[in-house]
Amino acid sequence: MRTLLNVVWLVLSGLWLAIGYGIAGIVCCVLIITIPFGIASFRIALFALWPFGNTIARRPDAGTGSAVGNVIWFLVAGIWLAIGHLLTGLALCVTIIGIPLGIANFKLIPVSLTPLGREIVPTGDRATFGVR
């Protein structure tokens, strides 16, 4: 079932989201100071490409640098990305077939708000990564 949802997601919105996050990652990597944001954008792009079967986990080794970076990210891009995911998720939830896709868009909101200090892990392997 995950594979079917991922394929439908890929065709309807995942490819475009991944391309958008990929372009944002390339732009962020142009300047040296924004490379961490570019890496985070690439990570979100992979998650946006194939979200079903994966989840977001906090990295226990994330420190003050990621917290400061998340504040900057939130003010510059995070809030707008979250609003976009929220509106897209609501629009997808209008139809019964689109409800799982809308939920996947809602699942992207936390990582689009604060991408630093988080990692994408397979759903079944959460205990392996120290997530409770």
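Predicted model: local features only at pLDDT ≥ 70, side-chain atom pairs only at ≥ 80, totals over all residues.

Me: Is Pro51 buried or exposed?

Reply: Pro51 is buried, because its relative accessible area is 0%, and the cut-off for buried is under 20%.

Me: What does Pro51 touch, leaving out residues up to four places away in sequence?

Reply: Pro51 touches Asn6, Trp9, Ala104 and Lys107.

Me: And how far apart are Pro51 and Ala104, in sequence and in space?

Reply: They are 53 residues apart in sequence, and 6.7 Å apart in space from C-alpha to C-alpha.

Me: OK, Trp9 came up there. Which residues touch the most other members of the largest nonpolar core?

Reply: Trp9 is one of them, along with Leu108 and Val111, in a core of 19 residues. Helices H1 (2-30), H2 (35-49), H3 (64-92) and H4 (99-107) are the elements that give two or more residues to this core.

Me: Which element gives the largest share of this core?

Reply: That's H2, with six residues.

Me: What about Leu108, what does that one touch?

Reply: Not counting residues up to four places away in sequence, Leu108 touches Trp9, Leu17, Phe47, Ala48 and His85.

Me: Switching to helix packing. What angle do H2 and H3 make?

Reply: H2 and H3 pack at about 75°, and their axes are 12 Å apart. That makes H2 roughly perpendicular to H3, since angles of 65 to 115 degrees count as roughly perpendicular.

Me: Which residues meet there, between H2 and H3?

Reply: From H2 you have Phe37, Ser41 and Ile44, and they meet Gly69, Ile72 and Trp73 in H3.

Me: Staying on H3, is Asn70 buried or exposed?

Reply: Asn70, which is in helix H3, counts as buried because its relative accessibility is 11%.

Me: And what is Asn70 in contact with, leaving aside neighbours within four places in sequence?

Reply: Asn70 is in contact with Leu113, Thr114, Pro115 and Leu116.

Me: Another proline, then. Where is Pro115?

Reply: Pro115 is in the loop between helix H5 (109-113) and strand E2 (118-122). Pro115 is buried too, with a relative accessible area of 0%.

Me: What are the contacts of Pro115, with its neighbours within four places in sequence left aside?

Reply: Pro115 is in contact with Ala40, Arg43, Ile44, Asn70 and Trp73. As for Gly69, it lies 46 residues from Pro115 in sequence, and the C-alpha to C-alpha separation is 9.0 Å.

Me: Zooming out, how many helices and strands does the protein have?

Reply: Five helices and two strands. From the N terminus on, the order is α-α-β-α-α-α-β.

Me: What about the overall dimensions? What does the C-alpha trace span?

Reply: Along its principal axes, the C-alpha trace spans about 40 × 35 × 20 Å.

Me: How many of the residues count as buried?

Reply: 37% of the 132 residues count as buried. The accessible surface comes to about 7,600 Å², and carbon and sulfur atoms have 76% of that.

Me: Last one. Among contacts between residues at least 6 apart in sequence, how many join residues at least 24 apart?

Reply: 71% of those contacts do.

Conventions: Residues numbered from 1 in each chain as written. Heavy atoms only, no water. Helix = DSSP H or I, 4+ residues; strand = E, 2+ residues; numbered from the N terminus. Buried < 20%, exposed > 50% of the residue type's maximum accessible area, 1.4 Å probe, protein only. Contact = heavy atoms within 4.5 Å. Areas by Shrake-Rupley, 256 points an atom, 1.4 Å probe, with all protein chains shown as cover. Core = buried A, V, L, I, M, F, W, Y, C linked by side-chain atoms within 4.5 Å. Axes fitted to C-alpha atoms, helices over the stretch in contact; angles between N-to-C directions. Parallel < 35°, antiparallel > 145°, perpendicular 65-115°, else oblique.
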